[in-house]
Amino acid sequence: MKNLIALIFAFGITFSIHAQTDSLILKNKDVIIGEIKSMDRGVLTIETDYSDSDFKISWDGIAQLYSNTKYLITLSNGKRYNGKVNSVGDGVISIDTYDPDNLLPLRKKRRNTGTEDIGGGTIEVDINEIVYLNALDEGFWSRLSANIDLGWSLTKANNLRQFNIRSGLGYLADRWKANGSYNSLRSTQDEIDPVKRTDADFNFNFFLPKDWYLLYNITFLSNTEQLIKLRTGNKIGIGNYLVHNNKSYFGFQVGVNYNNERYFDDTPSRRTGEGFVGAELNMYDIGDLSLFSQVVAYPSFSESGRFRTDFKMDVKYEFFSDFYVKLGTTMNYDNRPIEGATTLDYIFQTTVGWEL
């Protein structure tokens with residue numbers, strides 16, 4: 001009987017060791033053992049046996065990590081790898097991998113002999129050069145992101161009622177990502193025409209070396225302020241992240257756009273060819289706050305002198321787990337709107353949201 005109990009105990013220890021194969025050593029010398037799920041925007045997520053929920057740890061608080069899991073890895077210079085990560089000292093990570101950007105084995109130079117190994121390779125990088133990790137064996141759901149925001153207000157004066165919804169869905173693969181969003185506002189009050197605004201988009205990026213990417217983007221907009229029943233845009237272009245680290249990223253996009261507009265009145269539809277140039281800034285290392293801002297300008301090729309601009313900015317405050325409060329604004333400018341419409345439409349929204 002004693003031998004059986006000892007065998008069961010030994011099996012339990014062995015199973016626990018194999019189930020929790022990853023470990024972290026923090027800069028304050030604490031040690032955490034579990035399963036590293038991912039790291040994005042400067043926050044690492046690890047699952048442990050002794051907690052009901054996953055731990056989220058600031059990446060700049062980690063001194064060393066060790067794992068047998070295979071990850072999708074992105075560096076600040078835009079290089080992407082599939083492989084394993086282990087520390088070789090405080091602040092230095094060894095990546096055992098091949099290079100999916102070139103679809104060829106990574107070549108490792110041996111400094112002491114001058115020879116070159118062909119096959120699986122190893123490189124060493126500063127821990128701060130790693131800006132993204134995702135366990136490759138976690139499946140579909142680990143690569144999915146989603147959010148939904150809701151806002152509602154009621155004012156007795158003129159029986160003013162307003163409802164907002166903002167939502168997003170995204171998926172990140174080894175060499176591409178796709179994401180979409182849907183935002184809507186409805187406002188009604190006595191003796192005034194309802195205000196309606198809806199915008200949505202779908203974006204596909206194919207990653208290239210050195211943080212370049214090809215893009216395809218389709219956009220939808222409807223708003224009563226500019227009398228736009230439906231505006232659709234089809235953008236094709238190229239972009240690059242000039243700054244990409246664990247505190248922020250900043251990049252630009254350029255390309256061409258086919259714009260198609262229909263209106264609420266009898267104005268004929270407009271179909272125009274445009275260029276576009278845009279910039280995007282995302283800052284996520286400012287405590288519980290994060291900031292996202294994007295501006296895109298559209299000079300027209302088909303209508304001489306016409307110029308449009310789209311601008312958006314969101315400030316998000318995470319107050320509990322995956323719940324947050326968001327303050328956002330979106331502006332659409334057109335220097336040549338149709339008769340009776342305004343050149344500028346804008347919206348300010350305060351919503352409470354949840355993200356996956």
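Is Lys210 buried or exposed? Lys210 is exposed, because its relative accessible area is 60%; exposed means over 50%, buried means under 20%, and partly exposed lies in between (1.4 Å probe, protein chains only). This residue is taken up again below, after the overall fold.

The structure is a predicted model, in which local features need pLDDT of at least 70, side-chain atom pairs count only at pLDDT 80 or more, and totals for chains, interfaces and linings use all residues. Residues are numbered from 1 along each chain as its sequence is written, and side-chain values use heavy atoms, with hydrogens and water left out.

The average pLDDT of the protein is 84. This score is the predictor's confidence in each residue, from 0 to 100. A score of at least 70 is reached by 86% of the residues. Residues 1-19 have a pLDDT below 50. Beyond near neighbours in sequence, that stretch has 2 contacts in the model, a contact being heavy atoms within 4.5 Å. Residues 102-119 also have a pLDDT below 50. Here the model shows 24 contacts beyond near neighbours in sequence.

The protein has 356 residues, and 40% of them count as buried. It contains 1 helix and 24 strands. Helices (H or I, at least four residues) and strands (E, at least two) are DSSP runs, numbered from the N terminus. Among contacts with a separation of 6 or more, 49% come from residues 24 or more positions apart.

A closed barrel of 12 strands is present. Its order is β13-β14-β15-β16-β17-β18-β19-β20-β21-β22-β23-β24, and the pairing is antiparallel. Neighbouring strands of this sheet are turned by 20 degrees against each other on average, direction ignored. Such angles run from 0 to 180 degrees between N-to-C directions, with axes as lines fitted to C-alpha atoms, for helices over the stretch in contact. In general, strands of a sheet pair through backbone hydrogen bonds.

Strand β15 (residues 176-189) runs antiparallel to strand β16 (residues 192-207), and 13 bridges join them. Two strands pair if DSSP finds at least two bridges between them. Ser187 stands opposite Val195 in β16. Asn183 has Asp199, also in β16, as its bridge partner. The hairpin of β15 and β16 has 2 residues between the strands, and Glu191 takes a positive phi near 65 degrees in it.

Strand β16 is also joined to strand β17 (residues 212-223), by 11 bridges and in antiparallel fashion. Ala200 stands opposite Phe220 in β17. The hairpin of β16 and β17 has 4 residues between the strands. Lys210 lies in this loop. Its phi is positive, about 60 degrees, although Lys210 is not a glycine. Most residues other than glycine have a negative phi.

Gly78 sits in the loop between β6 (71-75) and β7. Gly78 counts as buried because its relative accessibility is 0%.

Strand β7 (residues 80-89) contains Ser87. At 8% relative accessibility, Ser87 counts as buried. A polar atom of the Ser87 side chain lies 2.8 Å from the backbone nitrogen of Leu65. Leaving out residues up to four places away in sequence, Ser87 touches Ala63, Gln64, Leu65, Tyr66, Val92 and Ile93.

Arg41 is in the loop between β2 (31-40) and β3 (43-47). With 39% relative accessibility, Arg41 counts as partly exposed.

The structure holds 8 aromatic pairs. Rings of Phe, Tyr and Trp (its six-membered ring) pair if their centres lie within 6.5 Å; planes under 30 degrees apart count as stacked, over 60 as edge-to-face and the rest as tilted. Tyr213 and Tyr241 form a tilted pair, 5.3 Å centre to centre with 35 degrees between the planes. Tyr213 is in strand β17 and Tyr241 in strand β18 (residues 228-244), 28 residues apart. Both are buried. Phe320 and Phe323 form a stacked pair, with 6.4 Å between centres and 25 degrees between planes. Phe320 is exposed at 55% relative accessible area, while Phe323 is partly exposed at 35%. One aromatic cluster is formed by Tyr213, Tyr241, Tyr249 and Tyr284.

Terms used. Polar contact = N/O pair within 3.5 Å; in protein donor to acceptor, adjacent residues only side chain to side chain.
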